[in-house]
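Here are my notes on the model you sent over. Have it open while you read, and go point by point.

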Amino acid sequence: MATHHVVAQGECLASIARQYGFLDYRTIYDHASNAALKKSRPDPNVLHPGDRLFIPDKDAREESRGTEKRHRFQLRRQRIFLDVILKLNDEPIANTPYVLRIGSRQLEGTTDGTGRIRHEVAATETSARLILKDPALEWDLRLGALDPLEEVSGVQGRLQNLGFGCGAIDGLMGPRTRSSLRQYQGMRKLSSTGEADGATRSRLRTEHDGG
């Protein structure tokens, strides 16, 4: 029976789809009953706690095949990737060995020329630890915790990730957040208003989200 799901912090479409037994989150995201949410949340990987999703019934599918024969069926699962670009003083941390710990897995590799790391992850993973030896840096990553850019908490999260610390990501436009905004705006040659105006959000989207 169809139902509604209220999004909690740390959830994304992929993890919600997996919870309800769907291999592809687009079955939920593209449903007509979610048209309004899709319009307000153009990135399905970035939802806000409290968003409501309509969860449709799963359709039964029938396939006709001959008896007394072996048949192979292939399920297509939506693949999910952790995609991170590392910078230090606005310069890429390029061609640098790293260790990425996700759940019980330990992955090792080297950043590319842009400081990028990209690994497939399970939709149910919510945290990871990224370790560099030279320079000696470590990060605890919260997967699925970034809020939409339209929310103050989404602006705070992106500023924090870009190195403009604004304190707690609490969704409040307080003095520390405004100070971080002015610093970011000044360094990006934007009007230093201390407000999350359209130009600032657009630059954050391009710089942080890559789009």
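1. The face of H5 that is turned away from its buried side carries the exposed residues Pro175 and Arg176. Helices (H or I, at least four residues) and strands (E, at least two) are DSSP runs, numbered from the N terminus.

2. Before going further, a word on the source. This is a predicted model, where local features need pLDDT of at least 70 and side-chain atom pairs count only at pLDDT 80 or more, while totals for chains, interfaces and linings use all residues. Residues are numbered from 1 along each chain as its sequence is written, and side-chain values use heavy atoms, with hydrogens and water left out.

3. Which residues of H5 are buried? They are Thr177, Ser180, Leu181, Tyr184 and Gln185.

4. With 13 residues (175-187) at 1.5 Å a residue, H5 should span 18 Å, and its end C-alpha atoms are 18 Å apart, which agrees. The expected span is 1.5 Å times one less than the number of residues. Just after H5, Lys189 takes a positive phi of about 60°.

5. On to charges. A salt bridge here is a side-chain nitrogen of Lys or Arg within 4 Å of a carboxyl oxygen of Asp or Glu, and by this rule the count comes to 15. One of them pairs Asp51 with Arg41 at 2.8 Å, N to O. Both residues lie in the loop between helix H3 (35-40) and strand S2 (52-55), so the pair ties together parts that are 10 residues apart in sequence. Asp51 is buried at 11% relative accessible area, and Arg41 is buried at 9%.

6. Asp83 and Arg118 form another salt bridge, with the closest N and O atoms 3.5 Å apart. This pair links distant parts of the chain: Asp83 sits in strand S3 (residues 80-85) and Arg118 in strand S8 (residues 116-121), 35 residues apart. Asp83 is partly exposed at 37%, and Arg118 is partly exposed at 46%.

7. Glu207 lies in helix H6 and Arg188 in the loop between H5 and H6, so the pair ties together parts that are 19 residues apart in sequence. Glu207 is partly exposed at 26%, whereas Arg188 is buried at 8%. Salt bridges that share partners join Asp90, Arg188, Arg203 and Glu207 into one network.

Terms used:
Buried < 20%, exposed > 50% of the residue type's maximum accessible area, 1.4 Å probe, protein only.
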